[in-house]
Amino acid sequence: MAKTLTQEFVKGLWEEIPPFRLVLGLCPTLAVTKSVENGIGMGVATAFVLVFSNILVSALRKIIPAKVRIACFIIVIATFVTVVELLMQAFTYPLFLKLGIFIPLIVVNCILLGRAEAFASKNGVLASAADGLGIGIGFTLALGALGSLREILGSGTFFGKAVFGPAFQPFSFMVEAPGAFVCLGLMLCLMNLAGKK
Amino acid sequence: MVDQKKFTVSHAPFWHDGSCIRSRSYHTMLAALPAVLFGVVRYGMPAVGVISLAVSSAMIWEYVMNRIMRRDITIGDGNAALIGLIFAMLVPASSPWWMVIIGTFVAIVVAKQIYGGIGGNPFHPALVAVAMLMLSWKDLFDFDAALVNYEFDFAMAYPLAALKHFGTAAVENFTPGALLMGNQIGAVGTPFGLGLIAGGLYLIVRGFVRWEISLSFLAGIFVTAFIFHQADSARYAGPAFHLFTGYTLMGAFFLATEDSSSPVHFIPMLIYGAGGGILTMLIRNIGIHVDGVVFALLVMNIANPLLDKIRPKALGKVF
Amino acid sequence: MIKRSFLGLAKPKFEVQRIGLPLSEVKEVPMPKQVTLMLKKPPERMAGTDTVALSPGETVRTGQKISLSSDSETYVISSVTGTIARIKPFAGDFGNAFIAITIDVTSPEVFDEAFAKRAQSLDPALAGAFLSALPGNPAFSVFFREETPVTTLGILGIEPDLASMTRRFVLSHQKAALQKGIEAVKAITGVDRVVLLVPQDAGMDFKDMAAEVRTVAAAYPGTLPKLLMKDVFGQTVPAGKTCEDLGCTFFSAESVAALGTALETGRFPVEKVITVTGKDQKPVVVTAKIGTPVKVIFDELGIVTGHLDRVVFGGPMTGSAVYTEDYPVLPDTDAILVQDKTQIPPLSQYPCINCGECVRICPARVPVNMLVRYLEAGRYDEAADLYDLHCCIECGLCSFVCVARIPIFQYIRLGKFELSRMHAAEAHHG
Amino acid sequence: MTEALLIMFGLGAVCGSVLSIASKVFYVYEDPRIAEVEGFLAGANCGGCGYAGCAAAAVAVVEGKAPPSVCIVAGPESAEKVAGVMGVEAGTAEPRTSSNKCRGGDRAEDIYVYMGVDSCQAVSALSGGKRECEVGCLGYGDCVRACLFDAIKIGPEGFPVIDEKKCVGCGACERVCPKNVLSITTLTERLLHFNREDDCLAPCQQTCPAQIDIPLYIAQIKRGDYDGAVRTIRDRNPLLLACGRVCPHPCEDFCRRGVEDEAVSINQLKRFVADREMHSGKRLPVACAPDTGKRVAVIGGGPAGLTCAYYLRRLGHDVTIYEAMPKLGGMIRYGIPEYRLPKKVLDWEIEGILNLGIHVHTHVKLGVDFDIPSLVSAGYDAIFLGVGAWKDYSLRIDGEDLKGCYTGIDFLSRIASGESIPIGRKVAVIGGGNTAIDCVRTLVRLGAEEVSIVYRRTRKEMPANAVEIEAAEHEGVKFIFLAAPVRIIGDEAGKATHLEYLKMELGEPDASGRRRPVPIEGSETLLEADMVIAAIGQQPEITFKEEGKRIQSLKTTRWNTIEADPETLQSSIPYIFTAGDAATGPSLVVDAIGGGRRAARSIHLYLSGQEVTPPEKSLFKRHIPGTLFESVKGIQKIPRVPMPELPVEERIHSFIEVDQVISEEDAKKESSRCLDCGRICYNKDAAA
Amino acid sequence: MGDYILLAISCILVNNILLAQYLGNCPFLGTSKKMETAVGMAMAVVFVLVMAGVITWLLEAYVLKAFGLEYLRTIGFILVIASLVQFVEMFLKKSVPALYRGLGIFLPLITTNCAVMGVCLINIKEEYTFMQALVASFSYAFGFGLALILFAGVRERIILARVPKPMQDTAIGLVTAGMLSLAFFAFKGMV
Amino acid sequence: MREMIKMVVVLTVLSSFSGGLLAALRNGTQERIEYQQLKFVKGPAIRAILKGCSNDPIVDRFKIKDGDVERSFFVGIFDGKPKAVAMESIGKGFGGPIGVMVGIDVDADKIAGVGITTHSETPGVGARAKTDPTFVAQFKGVPLADTFKVKADGGQVDALSGATVTSRGVSAALTEASAVYKRLKPKLIEKLKTYSK
């Protein structure tokens with residue numbers, strides 16, 4: 001049943017795309033998708049951490065004792081999250097400001113621990129990297145899609161640029177907290193419909 | 001096979017008291033009629049437009065969803081029309097057409113049909129719709145601004161907004177009698193207090209709504225408003241004012257009593273109604289929203305499943 | 001049919017319909033050409049293993065006992081003289097299985113003497129040997145069982161359901177027989193306390209009866225055993241238990257009166273008083289031989305049935321619909337109801353709309369609104385654990401008032417049936 | 001920098017030590033395998049295993065209450081891993097799938113109009129359901145709602161259709177079905193299922209000795225699912241090519257369509273799909289259960305032996321066939337002439353069976369090259385005796401040993417194995433069975449000028465298939481009825497020249513209702529014949545009985561067949577089983593196939609240590625009386641598709657197959673004539 | 001005292017951790033299908049969050065801030081929280097098995113509950129005093145539990161409704177959570 | 001016991017490794033992060049105050065110890081001369097602290113400009129302090145006084161309508177800034193000299 005690296009990668013893009021198929025990592029999904037830019041930024045940050053933590057966990061999987069497995073995974077993940085945090089502060093500060101508290105919270109994103117536990121701790125380095133990359137990109141895509149929808153409807157803009165005429169009255173519900181939930185719920189429904197075929 | 005005679009076999013009971021969803025919906029609409037007609041008279045053609053658009057679009061959404069979900073077409077039961085009508089009663093007469101359509105979409109599709117249609121919705125569909133629209137288009141829901149084109153022979157201010165911004169002094173000239181007679185501005189179907197009360201009494205007497213909820217809701221408002229008023233009469237208006245303004249009466253008779261989002265047992269009904277009333281007053285007096293009925297009732301809708309767990313011990317129940 | 005009143009706050013009144021009392025005219029249904037007796041199968045027997053002590057072609061006499069074997073607890077008493085034409089299994093409701101014994105009637109009628117001989121002494125054995133087949137199927141066995149033997153007997157002069165006049169008829173017409181029957185029951189069972197329950201408006205004096213007489217408001221559902229227990233005897237039957245577990249049982253007045261008549265005449269009673277309500281909704285009281293196909297009664301009363309009509313055995317609240325006009329009158333058939341297809345209230349596909357009508361009308365205070373959701377989803381265990389499925393006393397009022405027209409009562413019966421089946425299966429498999 | 005290092009060092013050390021000390025101090029013994037097992041379960045918490053979630057299931061596994069294959073979602077891989085943790089072998093963890101027995105929710109008539117709760121359970125609680133059929137599907141779809149895996153749908157015909165890819169065999173549908181229409185079975189259970197009294201069986205399937213699900217495969221042909229049809233047949237009959245050609249199709253005798261119209265040409269349809277598979281050049285895969293490690297010797301590679309070996313192999317046993325003749329096939333190779341069953345076809349079919357992994361030894365004869373004790377000592381756990389009935393009955397008349405006199409099977413098998421036999425000019429074949437017909441038709445092709453059949457009764461009583469008789473007639477065979485041979489007259493060279501027979505007449509009917517032939521005194525007649533073949537029946541050759549010790553206790557009947565329980569086919573020696581002609585005497589191929597499968601079931605039971613009992617509620621060679629109708633209403637008559645055959649001139653000169661396969665179009669047409677019967681119902685749409 | 005009450009109300013209702021701050025949604029959706037699990041989870045979160053809030057506050061104040069190592073906050077906090085949770089789990093299992101059965105089985109879920117980590121970070125960001133941090137932690141956790149239990153009540157009914165197939169489970173759960181969040185707008189501006 | 005030791009060792013090594021890694025990364029990026037923070041948080045306000053300066057005040061910044069705290073000053077060079085400095089002070093507003101950037105013309109001891117950096121005031125009310133340009137404009141060119149007070153308290157500052165608390169907070173910040181400036185002026189002049197060319 002061994003899959004090729006490509007398969008490991010591709011599955012994250014559709015078959016197991018979080019948060020639609022694997023209902024994981026909802027908090028950042030809901031919180032930062034007010035705009036596309038935020039969504040993609042968050043996705044990329046998560047993907048970065050995911051790839052590296054997967055690699056490291058996979059590389060260390062033989063020497064980590066089972067009892068402190070979770071703690072070790074968390075250290076690995078937290079390290080990379082902090083790396084991302086520092087890098088973002090240094091290079092994309094405005095985005096860091098917008099994503100705020102959610103960057104450190106990548107550390108508790110269940111996708112990361114989930115993949116470390118379910119995949120990286122059982123598979124080789126390359127496969128884990130491919131898996132991390134696939135899931136990470138899938139997550140980014142999902143966040144981007146949700147971000148676009150909410151930004152276009154809720155603010156009438158896309159990447160900050162107005163897409164409708166001035167007469168458009170934005171459906172600001174979409175950028176509010178409840179809008180995030182409803183929007184994600186409806187998208188999940190669409191994904192379920194699409195998955196049927 | 002024409003000659004073959006086959007009996008109908010079913011389970012007891014074989015009689016039925018004749019009630020059905022359809023008559024329930026239509027009687028509720030009938031009860032809303034006085035207030036609606038008043039709104040039509042007061043606001044003219046725009047009100048007619050909003051009402052007819054809301055009712056028809058609600059029915060169309062229902063039909064579309066029935067088809068998509070491949071279920072029986074249920075527009076005949078009048079529930080969609082009723083939701084459309086109640087929604088129309090809650091929005092200003094000046095609402096643009098697209099807002100009405102989005103509103104009925106939210107009410108019928110998001111708040112009702114995806115929960116499996118009538119009976120499944122945990123929230124009152126019209127309330128969800130109005131809450132969403134209020135969040136999105138605050139300006140359109142600012143009755144003062146929305147109804148600026150009208151000219152009436154009474155104070156042209158939305159009483160609750162005036163109260164919020166300028167304190168009780170600003171609303172002194174709203175007498176309970178005038179409020180009851182509809183001498184206030186507001187949404188399409190809410191100003192005419194007397195009509196709403198008449199409709200509500202009709203529904204209660206006919207047993208289509210539960211008096212416990214309506215009464216306790218009004219009582220909750222009355223008592224809370226009274227306490228606030230006693231504490232600081234300069235900032236907080238009296239109970240009569242609160243009873244007859246905004247969505248209060250509408251809430252008591254048409255919103256809080258929606259079947260599927262309200263409790264059925266006696267004590268829960270009282271708590272539910274009173275809780276809604278108290279919360280409404282808290283929002284009106286210390287929250288940021290001008291009228292608290294919508295959100296207060298949504299909160300109570302959420303609490304409904306838990307409240308309804310309070311129930312009498314069943315006959316012979318053993319523990 | 002009782003309709004919802006205009007004022008919704010008032011509860012509907014379920015008073016038994018009355019026709020001018022005393023009933024003067026009683027139609028007697030003539031001897032049918034064929035009768036069918038339903039022999040209840042004991043539950044442990046499975047299909048295909050039954051052999052009735054008699055086989056087709058054999059002759060039976062009126063009053064002759066027919067059973068699975070000589071020592072079998074279940075039996076029927078032949079109501080006619082004739083030859084056995086067929087013996088076929090018959091599936092009843094909710095797992096009740098019968099063996100339908102069809103007898104071709106021959107004349108002249110010959111009476112079996114066994115009962116007269118046996119009835120010389122009124123002792124417990126007589127009850128086991130014959131009396132369970134009396135009209136109304138009185139459960140004599142509960143008096144003689146080891147655990148919690150029954151000490152109180154309620155004789156019901158009130159109707160168990162709407163649209164029935166049968167017991168009222170017995171009260172007014174067979175008072176003497178009833179009197180004798182009560183004495184006989186006392187002698188046979190040695191029961192401590194006998195209570196005769198008569199309707200408030202019976203308009204008769206029962207002082208001379210050898211029993212305690214209690215008048216009861218004859219409004220449904222107050223006439224159901226569990227509510228009688230509560231209202232008359234002041235005892236609440238715990239969920240899942242029966243009145244008999246509390247030492248109390250109920251017999252129909254008709255059973256007792258029939259016993260009285262039987263002892264008088266020495267012949268086992270094979271006739272049944274039945275209230276038939278036709279499509280015109282006017283009840284008529286008739287007497288017919290047990291086992292008479294319902295078609296014969298219809299012919300006699302001029303009732304014409306058609307496609308999609310409904311024939312109900314029992315009352316409108318708790319009876320059961322049958323699918324064939326050949327279905328026979330059983331010893332416990334108090335009433336027969338015929339509905340034209342236009343009189344059948346349609347059901348709907350709607351889910352519960354949570355209006356709460358059922359909750360408010362339920363005499364057992366069951367949270368029907370939630371219960372029915374769980375039953376609909378097939379989650380019977382949760383329905384029983386969380387929402388008092390077993391507290392239901394099966395009056396059918398919830399379905400009667402349901403705005404969404406959900407067959408709630410059927411769901412409840414089904415839920416109980418499936419649960420008992422599951423538990424039986426679990427017990428069977430250890 | 002240093003601070004950071006130190007702090008993190010401190011934090012790590014503190015956390016590590018706290019945790020490690022805590023794990024010591026607060027140590028609670030929990031079987032470590034629980035966590036491990038849970039890791040291998042699917043984690044779907046579906047409850048299909050019958051435990052409350054995966055964690056509970058893991059506990060149950062570790063406590064030994066549940067087998068390693070408990071998880072129905074994760075599949076065999078997980079079972080293996082779990083078994084690894086538990087230190088046991090996975091065993092015969094076979095995938096289970098749901099299958100339904102009823103095909104047609106709407107065909108059986110309603111006895112009432114139902115109103116109420118939309119569920120099968122509810123309907124069945126009211127007088128057992130509204131359908132007149134006791135075992136039929138009610139069609140309200142309780143199973144659909146019960147299925148957690150979305151594997152069941154109510155098909156267009158109103159009965160549940162199972163998506164086998166999605167089905168995990170959790171059994172939810174089975175539990176909820178009040179009519180027991182659905183059952184969860186493993187491959188083994190499916191292979192071992194025999195027609196039962198309470199199955200919903202059409203008359204054809206009840207009649208078929210091999211118990212093939214005929215209505216199903218006809219329906220599959222109708223749908224164009226030819227592969228599915230092949231699979232359906234092969235679940236019951238591995239020799240479908242042979243049967244499609246030589247089976248006398250008793251099923252067609254009971255075809256409900258035949259009551260009012262002509263029976264459906266069932267065998268032709270079978271042959272059509274079987275040939276289609278052969279000509280496609282691709283064998284459909286056949287599933288086998290996991291290996292059990294038990295060994296079985298099958299003696300005799302005829303239809304019974306092949307079938308038995310086939311099923312034993314599919315049940316996971318290790319099978320070796322011992323065959324006396326050079327090639328496998330037994331009577332269908334050596335007793336059935338080329339023009340009816342080409343050897344090429346047979347080879348292809350046998351190859352398919354052997355491909356499952358069956359070992360073969362040919363040219364070894366029981367009692368000569370090996371014996372039963374030697375097999376036992378070679379480690380076989382059970383033995384199947386399918387030696388057939390190869391010994392021809394002799395006429396017991398004078399002149400039988402003259403030159404030019406043969407017995408039927410001897411003749412046919414010698415021809416089949418390529419021996420050249422001098423063919424006479426005028427040939428008389430004695431007997432009225434299929435062997436006799438095969439002989440005459442072979443002789444016609446071999447160039448005999450005049451071929452006669454001498455039979456002691458009339459044509460009506462001839463046991464041979466009517467079509468065969470007719471074909472022989474077409475090919476110019478002479479029939480001499482009511483003739484009892486008395487002796488064969490030979491010339492000085494010891495060569496047969498004439499057959500003398502007595503004419504007979506029909507006397508009074510005997511107990512069997514047939515009129516017995518009575519010889520007419522003094523009616524001796526001479527028939528010129530330089531070759532006489534006696535084909536009056538066979539019996540098993542049991543010379544092996546004399547050798548060896550153990551085998552002597554094997555009981556035989558007075559017809560020299562092996563005595564065995566007719567249903568379990570277990571002989572008087574528990575580890576020896578038998579079937580086919582050896583058990584029944586000469587009979588149909590399809591009987592042998594049915595027997596082979598029955599014997600395989602018994603052997604399987606024997607090998608798995610269970611009691612060898614007949615199948616429960618078996619419908620062994622009986623019909624469910626209710627299914628045999630006197631009339632079938634609403635039939636619109638459509639003639640059956642004629643069988644294409646070679647023209648007579650062509651066929652009498654060659655051994656080319658006479659009967660040809662029908663076209664796909666005809667197959668579709670013929671299959672649509674099927675009423676798709678159930679127990680008491682049939683498809684009225686097809687009838688109209 | 002009044003300040004603390006206001007802070008509590010703000011944390012429970014106005015700034016509800018789940019519905020207004022989007023934190024802790026995974027367990028919110030995961031454990032709300034049944035009332036029993038929801039109650040267990042709510043209690044477990046209150047328990048852990050109060051402890052974590054206190055410990056991380058101390059860690060921040062006396063270690064990280066003291067050494068100017070604020071950038072190690074993420075890793076330090078999560079390490080402490082994870083160890084704490086695991087420690088508590090082991091402790092309960094051994095010492096209070098009854099409590100463990102009711103609440104302990106949810107503990108592993110809490111490790112990755114962003115509500116816990118989020119509240120700890122908020123405590124630091126808002127520069128709460130120790131008492132404030134304690135009150136805020138408890139109130140946030142209480143708000144989480146409240147929302148979870150309310151949601152579970154609603155969800156128990158939704159599961160029984162005829163929700164169309166593609167909407168079932170998580171999708172309808174999210175939409176309902178949205179409506180919950182909408183209703184919680186009622187409390188906007190009250191504090 | 002062995003396992004316990006292993007657990008402790010693995011966990012400790014892993015966390016110290018990560019500590020080291022992060023510390024190194026932190027050292028490498030610290031400068032840049034600080035710059036970015038100033039640029040994006042205080043930058044807009046500083047640039048508005050020191051409008052027209054020829055340098056980047058965020059680059060040209062220095063710190064002076066004021067008792068226990070260090071204060072940052074941003075230098076604005078006009079016409080080649082360091083004419084103005086900007087500094088931040090904090091006042092207490094309605095919703096929490098308000099950061100006020102005060103630019104001071106060193107030559108004239110006048111306020112060169114005022115900008116709001118951080119605040120958490122009510123949108124549409126107190127938040128107008130930042131969004132309403134007329135409010136901050138009133139301070140430009142005002143000489144440094146000992147105290148700044150809103151007019152309602154008898155001072156010179158025009159309060160924002162409906163946001164008296166916010167205005168008071170800003171005034172308090174100005175007062176503080178003026179005090180700090182006066183206290184540190186000598187050191188300031190000293191430092192500024194290094195910037196003149």
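How many salt bridges does the count between domain 2 of chain C and domain 3 of chain C give? The count is two, a salt bridge being a side-chain nitrogen of Lys or Arg within 4 Å of a carboxyl oxygen of Asp or Glu. The model is predicted: local features need pLDDT of at least 70, side-chain atom pairs count only at pLDDT 80 or more, and totals for chains, interfaces and linings use all residues. Residues are numbered from 1 along each chain as its sequence is written, chains are lettered from A and ligands numbered from 1 in the order in which they are written, and side-chain values use heavy atoms, leaving out hydrogens and water.

Chain C is assigned domain 1 (32-111), domain 2 (116-265), domain 3 (270-339) and domain 4 (348-429); such bounds come from an automatic or database domain assignment. The C-alpha centres of domain 2 and domain 3 of chain C are separated by 24 Å. Their contact (heavy atoms within 4.5 Å) takes 16 residues from domain 2 of chain C and 19 residues from domain 3 of chain C. The area buried between these two domains is about 1300 Å², and carbon and sulfur atoms give 59% of it. Buried area is the accessible area (1.4 Å probe) that two parts lose on being put together, summed over both. Asp161(C), Ala163(C) and Thr166(C) supply 32% of what domain 2 of chain C buries against domain 3 of chain C, more than any other three residues.

In one salt bridge, Arg167(C) pairs with Asp334(C), with the closest N and O atoms 3.1 Å apart. Across the interface of domain 2 and domain 3 of chain C, 10 residue pairs are in polar contact, both at pLDDT 80 or more. A polar contact is a pair of N or O atoms within 3.5 Å; within protein, one must be able to donate a hydrogen and the other to accept it, and residues adjacent in sequence count only if both atoms are side-chain atoms. Helix H3 (residues 166-173) of chain C gives the most to the domain 2 side, with three residues. Helices (H or I, at least four residues) and strands (E, at least two) are DSSP runs, numbered from the N terminus.

Chain B and chain C bury about 5200 Å² between them, 59% of it on carbon and sulfur atoms. Phe14(B), Trp15(B) and Leu315(B) lose the most area on the chain B side, together 19% of what that side buries. Four salt bridges are counted between chain B and chain C. Lys5(B) forms a salt bridge with Glu325(C), the closest N and O atoms being 3.0 Å apart. Polar contact joins 28 residue pairs across the interface of chain B and chain C, both at pLDDT 80 or more.

Chain E and chain D bury about 1500 Å² between them, 81% of it on carbon and sulfur atoms. In chain E, Phe87(E), Met90(E) and Lys94(E) lose the most area to chain D, together 30% of what that side buries. Helix H3 (35-67) and helix H4 (73-95) of chain E are the elements giving two or more residues to the side that touches chain D. The largest share, 12 residues, comes from H4(E).
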